[in-house]
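Welcome! Let's take a friendly walk through this structure, one topic at a time.

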Amino acid sequence: MIAKRMLGVDVGTRRVGVAASDPLGTMAMPVETIEVKGVSGAAQRLVELVVQYEAGVVVVGWPLDMRGREGVAVDRVRKFMGAFEKAMVREGREVEVVRWDERLTTTAAERSLIKADVSRQRRKEAIDQVAACHILQGYMDRLRIEAERG
């Protein structure tokens with residue numbers, strides 16, 4: 001079992017999707033889409049969510065290319081997470097940050113929203129949160145499998 005909740009984060013150019021685990025760490029649920037008007041403001045909002053959800057772990061999607069290499073998108077995530085870590089220090093808080101391979105999470109999120117017959121406008125609003133759910137759920141599933149193997 002997990003002592004604290006986890007947050008999943010999908011960092012995009014204009015939006016950051018956030019998901020949270022249930023208290024037992026078995027299911028990811030969408031939380032919020034943070035509009036990135038400024039990196040430091042968006043990072044501060046993520047800090048507020050860490051505090052609100054009493055999160056002990058933040059799982060951030062790491063945008064590798066299809067060959068597993070870091071590309072230009074990684075720089076954007078690094079910049080955002082750097083601002084997040086500075087904001088956490090200012091608040092006197094600590095959280096474990098885990099990088100999670102996010103290849104195809106946006107595609108999977110889009111497919112699940114289309115399958116659920118969500119309108120194009122609503123998909124645009126929800127895609128980042130759903131991608132964050134996929135990131136977090138993948139991480140939690142791996143933890144569960146590792147725990148079962150002992």
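Predicted model: local features only at pLDDT ≥ 70, side-chain atom pairs only at ≥ 80, totals over all residues.

## Around helix 2

Just past the end of helix 2, Gly 92 adopts a positive phi of about 70°.

Several residues of helix 2 are buried, among them Val 74, Phe 80, Phe 84 and Met 88. The cover over the buried residues includes strand 1, strand 2, helix 1, strand 4 and strand 5.

## An aromatic pair

Searching the whole structure turns up one aromatic pair. The ring centres of Trp 100 and Tyr 139 are 5.8 Å apart and the planes stand at 80°, so the pair is edge-to-face. Because Trp 100 sits in strand 5 and Tyr 139 in helix 4, the pair ties together parts 39 residues apart in sequence. Both Trp 100 and Tyr 139 are buried.

## Salt bridges

The whole structure holds seven salt bridges. In one of them, Asp 128 meets Arg 15 at 2.7 Å, N to O. This pair links helix 4 with strand 2, across 113 residues, and both partners are buried.

Within helix 4, Arg 142 and Glu 146 are four residues apart, about one turn of the helix. Their closest N and O atoms are 3.3 Å apart. Arg 142 has 36% relative accessibility, so Arg 142 counts as partly exposed. Elsewhere, salt bridges with shared partners join Glu 32, Arg 45 and Glu 48 into one network.

Notes:
Residues numbered from 1 in each chain as written. Heavy atoms only, no water. Phe/Tyr/Trp six-rings, centres within 6.5 Å; stacked < 30°, edge-to-face > 60°. Helix = DSSP H or I, 4+ residues; strand = E, 2+ residues; numbered from the N terminus. Buried < 20%, exposed > 50% of the residue type's maximum accessible area, 1.4 Å probe, protein only. Contact = heavy atoms within 4.5 Å. Salt bridge = Lys/Arg side-chain N within 4 Å of Asp/Glu carboxyl O.
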